[in-house]
Amino acid sequence: MMQITRLRVEQLRRFHAPFELAGFTTGLNILAGPNEAGKSTLVRAIRAAFFERHKSSMVDDLRPWTDGSGAAPRVEIDFELAGQPHRLVKSFLGKKRCVLAVGTRQLEGTDAEDHLAQLFGYAYAGKGASKPEHWGIPGLLWVEQGSGQDLEVRHAREHLHDALQGQGETAGALAATGGDALLERLRKDRAELLTATGKPTGDHREAIDAVARHQADIAALDAQIAHYREQVDRLDTLRRAHALDAAQQPWDALERELAQARTLQAALDASARQLGEDRQRLADLARTRELLGQRLASFAQQEDDLARRQTALAQSEAAAQSADTAAAQSQQRVDAAQGRAQATQLLAQAAQQQALRDSLQQQLEQASADAARAAQALQRGEAAHAELAAQRAQAAAQPAITARQLQQLRTLVQAREQAALRHQAVATRLAWRLPPGQGLHLDDRPLEDQGELLLAAPALVRLPGGGELRITPGGQDLADLARNDREASHRLQQALAALGLADLAEAEARLAACSAAQGAVQLAEQALAIVAPQGLDALHTACAQVQARMQAAEAALARLPASMPGALPGTASEAIPAAHAAAAEQAAQQALATAREAHAQAQARQAAASSRRDAARTELQAAQARLAAPERSAQQEAAQQQLLQAQAEHQALDARVAQTAAGLQSARPDIVAQDIARLARSTAQLRASHQQRHEQILVLHSALQQAGAQGLEEQRAALAGELQRALRRQQELQRRAAALDLLCERLQARRQATLARLQAPLAQRLQHYLPLLLPGASMQIDEQLAPALLTRPRTAGAAGAAESGAVDALSFGAREQLGLISRFAYADLLQQAGRPTLLILDDALVHSDSERLASMKRVLFDAAQRHQVLLFTCHPALWRDMGVAVRTLDGGG
């Protein structure tokens, strides 16, 4: 059993000063502290002491948070293993050292680290920082914060196998016999012939496809041979049918019937045309009879119309007399209303003249005040305009430069500096230090005392007393970097010269001056916009408009007369309010309009009555003239005679139309037309069939000649031989595939049985802890010795006795709980195999509900009876019922 007794850290993350924890006990040790108190820092220190090489440069995360530039993070761990004391002291970064004391023996450096790795069952990274695949058994048992649900067994699988092999006689049988290698080779051979689902592949698939192709080719040839024989029979049938039609010529009888049907159709067409003409004549006679009847009726209506006209004339004369009386009365009312309206109009005009004079006087006063304000606004606007002009002139005098041009200059300066830095980075640095009085020559340049040079091109150093040193700077891109440096400097100088500047500082000063001048212009523009929002022209226009209003008001006042001419004497119109005078005038005008409207209506009724009387008199005279006309009697008698003749002709023509229509209906012209179409198509079809049969005979004869020359029977015989060879190849590969499949199945069954015996001790330890969390549950282990499937009783009311599900599908909290139980089981097996075990839990079970947490406390307490457990938590109140003291980190951080 392994037991940590003391932990000390210094200059490590938040612990810049030394921090030590001693007095660790066997079993459960609970270390509590708030967030950022340093719990995870201590866990990281333990992991770094074991997992990281002391010479590693990938441990910058261990530096203290304050003043960590030259720090040397240090970790000291005292622990007992198999009753023997150990002390591990390891420092990183600034002072790299590793010392392991085992009793009286001491190991240092990589020897100490390799001894620990072999003892605890982990490995170191060959290069770079340590990773999970190197952590082995400690990586499985030491749980970092937030990773309790992640169980990576594969990195510790070999060590677990070694521990499990000691639990039974046959646990390592499969590996000892080389069975895995044999099974893998057989599976590879099987995969060349069968897929994972048992379907043929590779040569086996190709052999099956070859048999199928040959069978398809033979089937196609058989179809061609059968088709050839059918074509021979069909050719004989066509020849006999063609000879029979040539001898009988059946289309001749149909052509004779067709000629008779066309003759009958011509006669029926003539009868149909005559029937149409007769029906048109019947329609004409019907219209003639209707017109004659209307004319006779009009003669009788003329006599009735004379009596109506006499009555209408008497009524219209009485109405006209009544309208004349009403018009005279309405004229009298109009004259009286007109007199009253003229009097009120004179009073209203006088009142309006006085109101107009008062309004014009007020307008004149308002215009004078507006003129004064407009003059002041114009004066302020002209002053602001003059200030704006002066600021614009000063801004125009400044040499112009834009922010974009300045940014381009900055970009060119940065490009030149970067090009120079890249050039200097790859140039060869020559440093020298010479004694007094001794000198060298670099090309034509003397070198004395001491100094440094950057060589961008080949150079020659002449040595005293003869001899030369040729220095050629390395790097294939040195010339390109030198050219880039020169080009960057040239582009910068061109840009500065184009703007008339010496350097970037002058450009920035110019832009600042331009910005200040532009700001002054903007302020002047804002001032002008405040006093003259619409410009000086608008202020001038406003002044002119106000003056025009003043002049117009004065002229209007001058045009008004002193008094209203024509005012009625004694009315004192100036004392009458204009509103009252206007109301009286309006009432008088309305009364006048009403009288005039009534008079106009009376006149209209008078004119209408007179017009109706004249029209009635005219219509009566016309009716009397029509009845007295001498030709009226002769016209009435002639119309009566024409009507009798039209009726007689209509009766005779109607009988003939009925007879012709009955004859056409019995002859059925539509059926005759169908007979013609049927006989014509039948004749054409018989002739076309005879010709088509002749063409088919020629085509079939030619095709049969070509098919006979292909040797179809010989081709089929050759293909039958190839098919037999392909069948033999397929059967051979099929037997091999079946044998490999059976052999892999048998070996896999044996391997599963051996694996089950290998997993039995682990399953037993899992089952020791699992009922404390989930009573009645069980857990299956996969080939990687990781939990795979959880089976537990169903909840009350659910159908079935149990339910199963993958562990990965469980909730976060449930996976964390099962992950810790699995780690406890691994620790039990490792301890039984004599391996050191230490359980570290950093903020574990924070996602467990109260009921599950209570169950996991029982599990944890049981595991702590066999192993030392370091539990770090930020919830000390949750762990006060564990039977041990909860230690608080006083160091903070």
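Two strands are said to pair if DSSP finds at least two bridges between them. With that idea in hand, we can walk through this predicted model, starting with its strands.

Strand S10 (residues 439–442) and strand S13 run antiparallel and are joined by 2 bridges. One of the residues to look for here is Leu442, whose bridge partner in S13 is Val461. S10 also pairs with strand S11 (residues 445–448), again in the antiparallel sense, over 4 bridges. In that pairing, Gly439 stands opposite Glu448 in S11.

Follow the chain from S10 to S11 and you trace a hairpin with 2 residues between the strands, where Asp443 takes a positive phi near 55°. Which residues of S10 lie on its covered face, and which on its uncovered one? Leu440 and Leu442 make up the covered face, while Gly439 and His441 make up the uncovered one.

S13 (residues 459–462) has another antiparallel partner in strand S14 (residues 468–471), with 4 bridges joining them. Ala459 finds its bridge partner in Ile471 of S14. These strands form a hairpin too, this time with 5 residues between them, and Gly465 in the turn has a positive phi of about 80°.

**Two open sheets**

Strands of a sheet pair through backbone hydrogen bonds, in either a parallel or an antiparallel way. Both kinds of sheet can be found here.

An open sheet of 3 strands has antiparallel pairing and the order S15-S16-S17. Strand S15 (778–781) and strand S17 (802–806) are the edge strands, each pairing on one side only. From one strand to the next, the twist averages 20°. Strand S16 (residues 787–793) is joined to S17 by 5 bridges, and Pro793 stands opposite Ala802 in S17.

The other open sheet has 5 strands with parallel pairing, in the order S8-S18-S19-S3-S20. Strand S8 (142–143) and strand S20 (886–888) each have a single partner strand, so one side of each is left without a neighbour in the sheet. Strand S3 (residues 28–32) pairs with S20 in the parallel sense over 3 bridges, and Leu31 has Arg887 in S20 as its bridge partner. Helix H18 packs on this sheet, touching S3, S18 and strand S19 (868–873), and its direction makes about 140° with that of S19. Helix H17 lies across S8 and strand S18 (838–842), running at about 165° to S18.

**Helices packed against helices**

| Helix pair | Angle | Axis separation |
|---|---|---|
| H8 (residues 251–397) and H11 (residues 504–531) | about 165° | 9 Å |
| H17 (residues 812–832) and H18 (residues 850–864) | about 10° | 11 Å |

At an angle of about 165°, H8 is roughly antiparallel to H11. Their crossing is left-handed. Among the residues that meet are Leu388 and Ala395 in H8, and Val521 and Leu528 in H11. By class, the residues of this contact divide into 10 nonpolar, 3 polar and 4 charged.

The angle between H17 and H18 is about 10°, which makes H17 roughly parallel to H18. This crossing, too, is left-handed. Ala814, Gln817, Leu820, Ile821 and Phe824 in H17 meet Arg852, Met856, Val859, Leu860 and Ala863 in H18. The contact has 8 nonpolar, 1 polar and 1 charged residues.

Leaving out residues up to four places away in sequence, Leu275 touches Val657, Thr660, Ala661 and Leu664. Leu275 and Thr660 are 385 residues apart along the chain, yet their C-alpha atoms are separated by 6.4 Å.

Now look for Arg190 in helix H6 (residues 179–191). Why does Arg190 count as buried? Its relative accessibility is 15%, and buried means under 20%. Beyond its neighbours within four places in sequence, Arg190 is in contact with Thr195, Ala196, Gly198, Leu740, Asp741 and Cys744.

Conventions: Residues numbered from 1 in each chain as written. Predicted model: local features only at pLDDT ≥ 70, side-chain atom pairs only at ≥ 80, totals over all residues. Heavy atoms only, no water. Axes fitted to C-alpha atoms, helices over the stretch in contact; angles between N-to-C directions. Parallel < 35°, antiparallel > 145°, perpendicular 65-115°, else oblique. Left-handed = near helix turned anticlockwise from the far one by under 90°. Contact = heavy atoms within 4.5 Å. Nonpolar A, V, L, I, M, F, W, Y, C, P; charged D, E, K, R; others polar. Buried < 20%, exposed > 50% of the residue type's maximum accessible area, 1.4 Å probe, protein only.
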